[in-house]
Structures are given as structure tokens and as C-alpha cells.
Amino acid sequence: MFKAIMKTVKQEKTKSSLSEQQDIAQIPKIQEKQIIIEFNRQIFDYLPYQIPNAIDSIFYFKEILTNQQQEFLMNEIYNQPKRWVDLPHSQRRVQKYGGDVRDEGLINVEPFPQFLSQLSNLCFLDDNNLKINHALINEYAPGIGIHPHFDGPLYHNFVNIFSINSTCIFKFTKQNECLKLLVEPGSLIIFTKQAYTEWLHGIDYYHDDTILLQIQDNQICNCDLINFKHTLFYSNLQKAHNIIDYLNNQPNYELCQIQNHNQFTHSLIIRRLLRISITLRHVPYSK
Ligand SMILES: O=C(O)CCC(=O)C(=O)O
């Protein structure tokens with residue numbers, strides 16, 4: 001995957017050669033049959049993915065995009081001409097599609113490129129009359145995040161965020177409270193209601209993320225992530241013969257023992273890689 005990113009970054013900076021273009025042409029488009037979860041826009045289909053005992057409402061879908069689909073999306077994103085806009089204060093770059101968001105609604109409306117239309121079909125909105133019409137692509141180098149913020153009233157309050165290439169911890173905060181979600185490559189996070197209107201969301205400006213674990217008798221008994229049981233990380237731990245050995249052998253992980261903590265026995269540091277997120281929303285059209 002890293003090689004693919006470096007290749008696409010290089011392509012963005014230099015003119016792509018014929019052979020590179022042929023490589024890109026060989027990457028398959030997202031096909032309906034490759035999609036793991038069937039989306040028929042009924043809320044009850046989403047309920048198994050809702051994070052329980054958290055705030056209303058956060059949904060987490062692991063592995064919604066395959067590695068191949070993520071590579072395809074990376075290629076599409078890095079081959080869009082003149083789309084990146086630098087945000088020097090935030091140290092990120094963004095690409096925006098669909099139009100400009102204004103108080104009066106969406107203006108300068110433009111159709112999505114095909115890869116975003118395909119991704120929109122995987123999204124959910126709570127009103128079948130509304131369509132995803134706005135996309136924001138964020139590029140995060142390791143060490144870069146996004147400050148806690150509300151998305152605000154200009155968007156319909158239903159957010160779909162796809163993650164590509166790196167994990168990170170996504171935080172919902174309200175005064176002194178903080179809820180942590182592990183957001184993994186290929187996943188989709190959807191949030192609405194209180195999670196949209198009352199809790200700020202953001203990602204720390206860290207090079208790595210730390211999660212706390214209670215490991216006993218080769219089982220994880222506790223973890224400080226609200227979506228722990230919904231993650232690919234959890235599924236992999238369930239399959240591991242020896243959890244400690246498994247965690248010690250992962251290339252981007254560092255497992256440390258914690259002494260004298262009444263809840264957790266270990267901390268796990270997960271190194272961040274370059275991460276791309278694609279945020280898809282509906283913005284009312286201007287009258
Ligand atoms: O990159 C992410 O996962 C979060 C993006 C976000 O919060 C935003 O675009 O408002």
C-alpha cells in the first residue's frame with residue numbers, strides 16, 4: 001500500500017509515463033459485487049453497526065473497502081488535477097467536491113467524479129429524498145490531525161467518513177468527557193444526532209495513538225475504545241493464538257505493560273501512516 005501511495009504522490013508531482021497510466025488502468029473500479037455490506041437505506045440494517053452504550057448516534061463499519069478499493073481511490077484522488085488546497089494553519093491538504101457551502105446553501109454546484117458517486121452509494125442518509133452532494137477529502141501526514149469542531153448547521157446532520165491507509169483515534173468530546181473510537185483503514189464511520197450537535201469531533205496531532213487494554217488469561221477484558229468490539233483489530237485478536245505475542249509482532253504496534261493501574265494492564269502504541277479521509281454529506285441547495 002505504501003508503495004502505491006508513494007507512486008501516486010510521485011505521479012502527482014511529475015508527468016505520469018505511459019506505463020504508469022497503464023498500471024492505473026489495471027486497477028479495478030469499485031464494483032457492486034465487491035462491496036461487502038448491502039446498503040438498502042433502511043435504518044434497521046444499520047443498527048448492528050451502532051456503537052452501544054455511547055452517545056446517540058455513532059455507527060462504525062469495519063472493512064467496508066477492500067485494500068484494492070482503497071488503492072483505487074488513492075489513485076483517483078492523487079490524479080485529480082489542481083484539486084489540492086493547502087490549509088497551512090492546520091498543516092493539511094484538502095480536496096473539495098460538489099460545490100461551495102454558503103449560508104444560503106450549496107452554490108457553484110458541480111457533479112461528482114465517478115469514484116465519489118460510487119462511494120456515495122455506500123453512504124447512508126436518514127432521509128431518502130436527500131442525496132450526498134458534497135465531499136471533502138483530507139490528507140493527514142503522520143503527526144497531523146484536525147482540531148475538535150462541530151460541522152455546523154449548513155450541512156444536513158448526517159456525516160459519512162471513509163478512512164484510507166492508516167488507523168487513527170477519532171475523539172468525540174464534550175466538556176470533560178472524551179469518547180475514543182479506533183478508526184481503521186477501509187472503514188466507514190457515520191454519526192448524527194447528539195454526536196453531531198452536542199459533541200465536538202477531532203483527531204489529535206500525534207504521530208501515534210495509544211489505546212489501553214486489560215489483558216488476562218489470553219483475553220482482552222477491557223479496552224478504552226467505544227467501538228472496540230466492532231473493529232478489525234478486535235476480530236484479529238479473537239483469532240490470535242496468543243494475544244501478547246500477536247501484539248508484539250505487529251510492525252506498527254508497541255505493547256507496554258502498565259504497573260499499578262486498577263483498570264488496564266497494557267498500553268498499545270499504534271504508529272500512524274499517511275491517512276486519507278473522505279467525508280460525504282448533504283448540503284441543502286440554495287433557493
Ligand atoms: O478526517 C476525518 O476523519 C475527519 C474529517 C472531519 O472532521 C471534517 O472534515 O469535518
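The protein chain folds into eight helices and 17 strands; here helices (H or I, at least four residues) and strands (E, at least two) are DSSP runs, numbered from the N terminus. This is a predicted model: local features need pLDDT of at least 70, side-chain atom pairs count only at pLDDT 80 or more, and totals for chains, interfaces and linings use all residues. Residues are numbered from 1 along each chain as its sequence is written.

**Confidence and overall packing**
- The mean pLDDT of the protein chain is 86, and 84% of its residues reach 70 or more; pLDDT is the predictor's confidence in each residue, from 0 to 100.
- Residues 1–28 have pLDDT below 50, and this stretch has 25 contacts in the model beyond near neighbours in sequence; two residues are in contact if their C-beta atoms, placed from the backbone, lie within 7 Å.
- Residues 32–40 also stay under 50 in pLDDT, with ten contacts beyond four places in sequence.
- Of the chain's 287 residues, 33% count as buried. A residue is buried if 20 or more other C-beta atoms lie within 10 Å of its own, exposed if 12 or fewer, and partly exposed in between, with C-beta atoms placed from the backbone.
- Among contacts in the chain with a separation of 6 or more, 74% come from residues 24 or more positions apart.

**Around the ligand**
- The ligand has Leu136, Asn138, Ile146, Asp151, Ile161, Phe170, His201, Ser277 and Thr279 around it; a residue is near a molecule or strand if its C-beta atom, placed from the backbone, lies within 6 Å of it.
- Two strands, β6 (134–140) and β17 (275–281), each supply at least two residues of this shell.
- By type, the shell has four nonpolar residues, four polar and one charged. Ala, Val, Leu, Ile, Met, Phe, Trp, Tyr, Cys and Pro count as nonpolar, Asp, Glu, Lys and Arg as charged, and the others, Gly among them, as polar.

**A four-stranded sheet**
- Four strands make an open sheet in the order β7-β12-β9-β10, with antiparallel pairing; two strands pair if DSSP finds at least two bridges between them.
- β7 (146–149) and β10 (177–183) sit at the edges with a single partner strand each, so one side of each has no neighbour in the sheet.
- Neighbouring strands here are turned by 20° against each other on average, direction ignored. Those axes are lines fitted to C-alpha atoms, for helices over the stretch in contact, and angles run from 0 to 180 degrees between N-to-C directions.
- Seven bridges link β9 (residues 168–174) to β10, and Phe172 stands opposite Leu179 in β10.
- Four bridges tie β9 to β12, where Thr173 stands opposite Leu200.
- Two bridges connect β7 and β12, and Ile146 faces Ile203 in β12.

- Asn165 lies in the loop between β8 (158–164) and β9, and its phi is near 80°, a positive value in a residue other than glycine.
- Asn165 is buried, because 22 other C-beta atoms lie within 10 Å.
- Asn165 and Pro185 are 20 residues apart in sequence, yet 4.9 Å apart in space, C-alpha to C-alpha.
- Gln175, in the loop between β9 and β10, also has a positive phi, near 45°.
- Gln175 is exposed, as it has 7 other C-beta atoms within 10 Å.
- The peptide bond from Asp56 to Ser57 is cis, with omega near -5°, and Ser57 sits in the loop between α3 (43–46) and β1 (58–61).
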